[in-house]
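Colleague: I have the file open and would like to go through it with you. Shall we start with the overall contacts and then move on to the details?

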Amino acid sequence: MRGLAAAAAVAVLVVTGLGWQQVDALTSTIDRIGNLGLGGGKDGAVDILMVGIDSRTDAHGNPLTESERAMLHAGDEEGLNTDTILLIRVPNDGRSATAISIPRDSYVDIPGMGKGKINSAFGVTKFTEQQKLLGKGSDWDTADRKSTESGRQALIKSVANLTGITVDHYAEVGLLGFVLLTDAVGGVEVCLNKAVYEPMSGADFPAGKQRLDGAEALSFVRQRHELPRGDLDRIVRQQVYMAQLVHQILSANTLTNPGRLQQLSDAVGRTIVIDDGWNVLDFMQQLKDLSGGQVKFETIPVQDLNATTDAGESVVQVDPKAVSKYVAKMVGRGEDEKKDGVDPATVTADIFNASSVGGLAGQVSQALAGKGFRTGTVDNWIGGPIQSSRVLAASATDPKARAVAEALGGLPVLSEAGLSTGSVRVLLASDYSGPGSSAGSTFDFTGSSTTPTPVPPAPPIDAGQNGPKCVN
């Protein structure tokens, strides 16, 4: 199924806080839906579930034209998989928002359906309920409306059960929405580490920085084949694209440009559905005080990227308890896991491989990330031979360096002249046997691995950055 980062476009309206006085014009034509079992924002924040629907119709159910389907590289097969799932949490006290991506193949409990991929919760529930209603004599329109409602409820509950976050508002965007809304802001800059060519998604781009129009951007965020980490790299693309989209709108005052505003209004009316209890005007007025429009994009931890079910279906295994704990900590609701009084989330360590074991620095960075630490530079060491592994800091008593050393199995901490206070540098020699060493194994993201492939959370992506972050 094709992925979709259409939720990026909705995020523009939700998280920038720019031009909030014009939101009424933008939202007056949006389709509204009710009876979704939403919360009320009583836990100190407003939590919005944004999903991208793999649909060949617009928000009003009208089929896309042949030229639109061709532009989207979309066939005729209709689908209701939610291939982009983004939970955005906006604290009521004005702190920056956090956007949490959930891999589409995450294997979770779907209410009333048992285990399944989270992106199927909407479609499977809708189909099952639709057949029941038709079997009881309902007319097609009634069955379609009620079953669609059930599908949305199932997705909302699946996300809430996995993350521990009650969903307060719901936004849904079809396949066409991403293209129209991207073009409405004049395209967005991206940056690729290497040139790519992948015909299935239509991705054909050179390396380096470039500005993409809507159709090109859709190919950019849909590609997963030929990427080192498959769907996880696609999520990273979606996140950096959304971050840059928000950043460009903040810089260019798009919502104060009458021409752009009209394009946005036309695109929003045709492609977006939101819940009927959402007073977007009041909400945007609240959001205008967010610190500089900052949004951090995160991804939940993955227990096994290459898992399979008993029936042989390829899925992404997640641990609901670990996900809930991670999300709670990320949004400031969990207890800090501190070592020597240090919160790992406040520590960034540079990791260098001075051994003969290929990929060791990357493996150790993943292990540290899994323990809640942030990682900065991850590379091979070129500073001369190192006989034993160590952690370097401005002072051997630096608490952050000591916390990293403990997390890596008790490495010695040594002072290093020239390092600034708070800087932490890990040097890995051939003697290293701590977390991440595991006989020199590397992460296998091809899907052919027969052993678990855990993927700890990566460092967050900041929407306030200067320029697009280069990605795979």
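Modeller: Among contacts in the protein chain with a separation of 6 or more, 75% are between residues 24 or more positions apart. Please keep in mind that this is a predicted model.

Colleague: How many helices and strands does the protein chain have?

Modeller: The protein chain has 13 helices and 22 strands. It comprises 472 residues, and 53% of them count as buried.

Colleague: Which way do the residues of β7 point?

Modeller: His169, Ala171 and Val173 point one way, while Tyr170 and Glu172 point the other way; all of these are buried.

Colleague: And what does β7 pair with?

Modeller: β2 and β7 run parallel and are joined by 5 bridges. Within that pairing, Leu49 has Tyr170 of β7 as its bridge partner. β7 also pairs with strand β12, residues 272–275, in the antiparallel sense over 3 bridges. There, Glu172 stands opposite Val273 of β12. Glu172 is therefore a buried residue under the cut-off of under 20% relative accessible area.

Colleague: Let us turn to β16. Which strands is β16 joined to?

Modeller: Strand β16, residues 348–353, runs parallel to strand β17, residues 374–380, with 5 bridges between them. Ile351 stands opposite Val378 in β17. Strand β20, residues 424–428, also runs parallel to β16 and is joined to it by 5 bridges. In that case Asp350 stands opposite Arg425 in β20.

Colleague: Changing topic: how many disulfides does the structure hold?

Modeller: The structure holds 1 disulfide. It joins Cys191 to Cys470, with an S to S distance of 1.9 Å. The link of Cys191 and Cys470 is right-handed, with 65° about the S-S bond.

Colleague: Why does that pair tie together parts that are apart in sequence?

Modeller: Cys191 lies in strand β8, residues 188–192, and Cys470 lies in strand β22, residues 470–471, so the pair ties together parts that are 279 residues apart in sequence.

Colleague: What sheet do β8 and β22 belong to?

Modeller: They belong to an open sheet of 3 strands in the order β11-β8-β22, with mixed pairing. The edge strands are β11, residues 208–212, and β22, each of which pairs on one side only. β8 and β22 pair in the parallel sense over 2 bridges. Leu192 has Val471 in β22 as its bridge partner.

Colleague: On to cavities. How many are there of 30 Å³ or more?

Modeller: There are 3 cavities of 30 Å³ or more in the structure. The second largest cavity holds about 70 Å³ of space.

Colleague: Which residues line the second largest cavity?

Modeller: The lining includes Asp83, Thr84, Ile85 and Leu86, together with Asp231, Arg234, Ile235, Gln238 and Met242. Two elements give two or more residues to this lining, namely β3 (82–91) and α8 (231–252). The largest share, 5 residues, comes from α8.

Colleague: What is the make-up of that lining by class?

Modeller: By class, the lining of the second largest cavity has 5 nonpolar, 3 polar and 4 charged residues.

Conventions
Residues numbered from 1 in each chain as written. Predicted model: local features only at pLDDT ≥ 70, side-chain atom pairs only at ≥ 80, totals over all residues. Heavy atoms only, no water. 1 Å grid on protein atoms, 1.4 Å probe; cavity = no way out; pocket = protein on both sides within 12 Å on 5 of 7 lines; lining within 4 Å. Points joined across faces, edges and corners; volume = space filled by probe spheres on them. Helix = DSSP H or I, 4+ residues; strand = E, 2+ residues; numbered from the N terminus. Nonpolar A, V, L, I, M, F, W, Y, C, P; charged D, E, K, R; others polar. Pairing = 2+ DSSP bridges. Disulfide = S-S within 2.5 Å. Buried < 20%, exposed > 50% of the residue type's maximum accessible area, 1.4 Å probe, protein only. Contact = heavy atoms within 4.5 Å.
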